[in-house]
Structures are given as C-alpha cells and as structure tokens.
Amino acid sequence: MSNRTDHSHSFDGVTLSHLALDDGGGAARPGVVIFPSVMNRGPVEEDHGARLVALGYSVVLADTFGAELIGRDRDTMFGEMNRHLDDRLAYVKRLAAILGFARALPAVDGSRMAVMGFCFGGLCALDLARSGADFQVAAVFHGLLKPPNFETARIVPKVAAFHGWDDPMAPPEDVVALGQELTAAGCDWQVHAYGNVAHGFTNPAAHELNVPGVTYNQVAAARSWDSFTDLLAETLR
C-alpha cells in the first residue's frame, strides 16, 4: 500500500494539484515524476505510480494542466492541449517547476530523478529533456514526437521512447527524426517500436476516448514496462 499525499503547487498563477506516492518509511528514494496524458492525471497514472512505489521509488503524479481541469471532458482537454502546443517554451517552464517541486519532497532523493509521460505527457517529458534540464531518465510512452518550437540544448538524461508503429499521432518519419535529433544532441537514447500497435497502448480504457488509432495493447504495455523499469534500475538504483 502506497502512502498518498495531496499537494497544491502554484506556478505563474495556475494552481496545480499533484499526488505524491511513497512507501511511508521516511527515507528518501529515487524519484519518478509522471506527466499525464491529455486527460490529466487519473487511474492509468495512479496504477503506474503504485507499481513504481512497490519497486522502491517515490512518485509524483503531476497535474500539468491545472487543478480545475482534473476530470474534465475530452473536448475541453484536447482544447487545453492544443493551446499549450502553441507555446511549448512557456509550458516547459511549468514542467521544470514541477520537477523542482518533486525534487524537494522529503521522500525524494533529488539527485536521482526520472520523468515519464503518456501521450501529451510523453511530449512533456521529451521537451523537458530538450530544454537542458538536469535529471537522469526521460521515458516516453506513445508520446507525441514532433520537434519543439524552441531552441534545444544538449540533452542530459537518458531518453527511452516506447512507440506503437501504427500510432497515427507519431508516424514512422517522426520516429526517425527523433533519433536524428537525439543523436545530434549527444543523448544516450533508445526507441522501442512495437509492430501492429497503435496509440494509447498502456491504457486499458483507451477505447473509451473514441479516437481512431487509440487502442490498448496488453503485450506492448508489459514489454514497455519491463524495458522502462530495467532502465530505471540501471540508472537510478
């Protein structure tokens, strides 16, 4: 059972509502920040967070949109995502503030940090790495892969992208471009591409979004999780 703590964190006039999970033992452990999908934090993020706590990590389930947008409808959240995509540099400053907030929690060892994200949250993890932020691992699950509209720096963290090859939101040319971008940035990177797998493959309720090309895939979900936790163990433990 995870120890759960709600936190309110204000950045640039927006109140963000994060959920921290740890083992309750009081010792600082390697930290993982989870950036949510377009629907903001919910059951998928909580499930992954609880599993990470069981493996020895402290976790922050981040609210990247704002407390008033938790649990809102699909159309509202897609509108918010598109608004933030227009100014990714401003948004990455919010993400950096969330990482700093997580680092400062007593249950988190701020010198050993990973960030993971799903869908739009995957793009958030990538953009935070692209910004030059200093942390250890950035993991992208069925993420949006388009290059940023801001100047990138040398990428410090190891980057792992877990990708469905049939994902209509990130076609194969985006995957190739990402590899070229990460190589040019001096990054230690890896891409795991799963054949006959679409977008949203980690979410058992993906079909409820009623978005073409968004489908859960149990095998890809398990394979990506195993690869991700192997990378965490290699890097943070």
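Contact here means heavy atoms within 4.5 Å. The model is predicted: local features need pLDDT of at least 70, side-chain atom pairs count only at pLDDT 80 or more, and totals for chains, interfaces and linings use all residues. Residues are numbered from 1 along each chain as its sequence is written, and side-chain values use heavy atoms, with hydrogens and water left out.

Phe 35 lies in strand S3. Helices (H or I, at least four residues) and strands (E, at least two) are DSSP runs, numbered from the N terminus. Phe 35 counts as buried because its relative accessibility is 0%. Buried means under 20% relative accessible area, exposed over 50%, and partly exposed in between, with a 1.4 Å probe and protein chains only. Residues up to four places away in sequence aside, Phe 35 touches Ala 62, Thr 64, Leu 95, Ile 98, Val 115, Met 116, Gly 117, Phe 118, Gly 121, Cys 124, Ala 125 and Leu 128.

The strands form an open sheet of 8, in the order S1-S2-S4-S3-S5-S6-S7-S8, with mixed pairing. Two strands pair if DSSP finds at least two bridges between them. Strand S1 (3-11) and strand S8 (189-194) are the edges, each pairing on one side only. On average, neighbouring strands of this sheet are turned by 20 degrees against each other, direction ignored. Axes are lines fitted to C-alpha atoms, for helices over the stretch in contact, and angles run from 0 to 180 degrees between N-to-C directions.

S1 and strand S2 (residues 14-22) run antiparallel and are joined by 9 bridges. Thr 5 has Ala 20 of S2 as its bridge partner. Ser 8 stands opposite Ser 17 in S2. The hairpin of S1 and S2 has 2 residues between the strands, and Asp 12 takes a positive phi near 50 degrees there. S2 also pairs with strand S4 (residues 58-61), in the antiparallel sense over 3 bridges. In that pairing Leu 21 faces Val 59 of S4. S2 is mostly covered, with 7 of its 9 residues buried.

Helix H4 lies across strand S3 (29-35), strand S5 (108-118), strand S6 (137-141) and strand S7 (158-164). H4 runs at about 135 degrees to S5.

On a 1 Å grid over the protein atoms alone, a cavity is a set of points where a 1.4 Å probe fits but cannot get out, and a pocket is an open set with protein on both sides within 12 Å along at least five of seven lines; lining residues have an atom within 4 Å of a point. Grid points are joined across faces, edges and corners, and a volume is the space filled by probe spheres set on the points. The search finds 1 cavity of 30 Å³ or more. The largest cavity holds about 60 Å³ of space. Its lining consists of His 84, Leu 85, Arg 88, Tyr 91, Val 92, Leu 95, Phe 120, Leu 123, Cys 124 and Asp 127. Helix H2 (74-85), helix H3 (88-103) and helix H4 (120-130) each supply at least two of the lining residues. By class, this lining has 7 nonpolar, 1 polar and 2 charged residues. Ala, Val, Leu, Ile, Met, Phe, Trp, Tyr, Cys and Pro count as nonpolar, Asp, Glu, Lys and Arg as charged, and the others, Gly among them, as polar.

The largest pocket has about 480 Å³ of space. Of its 29 lining residues, Ser 37, Met 39, Val 44, Asn 203 and Leu 209 are the closest to the centre. Helix H1 (43-54) and H2 each give at least two residues to this lining. H1 provides the largest share, 3 residues. The lining divides into 16 nonpolar, 9 polar and 4 charged residues.

The second largest pocket has a volume of about 150 Å³. Residues lining this pocket include Pro 43, Asp 47, Arg 51, Thr 202, Tyr 216 and Trp 225. H1 and H6 are the elements that give two or more residues to the lining. The largest share, 5 residues, comes from H1. The classes are 7 nonpolar, 3 polar and 2 charged.

Ala 220 is found in helix H6 (residues 218-236). Its relative accessibility is 2%, so Ala 220 counts as buried. Ala 220 touches Tyr 194, Val 197 and Phe 201, not counting residues up to four places away in sequence. The C-alpha atoms of Ala 220 and Thr 202 are separated by 7.5 Å, and the two residues are 18 apart along the chain.
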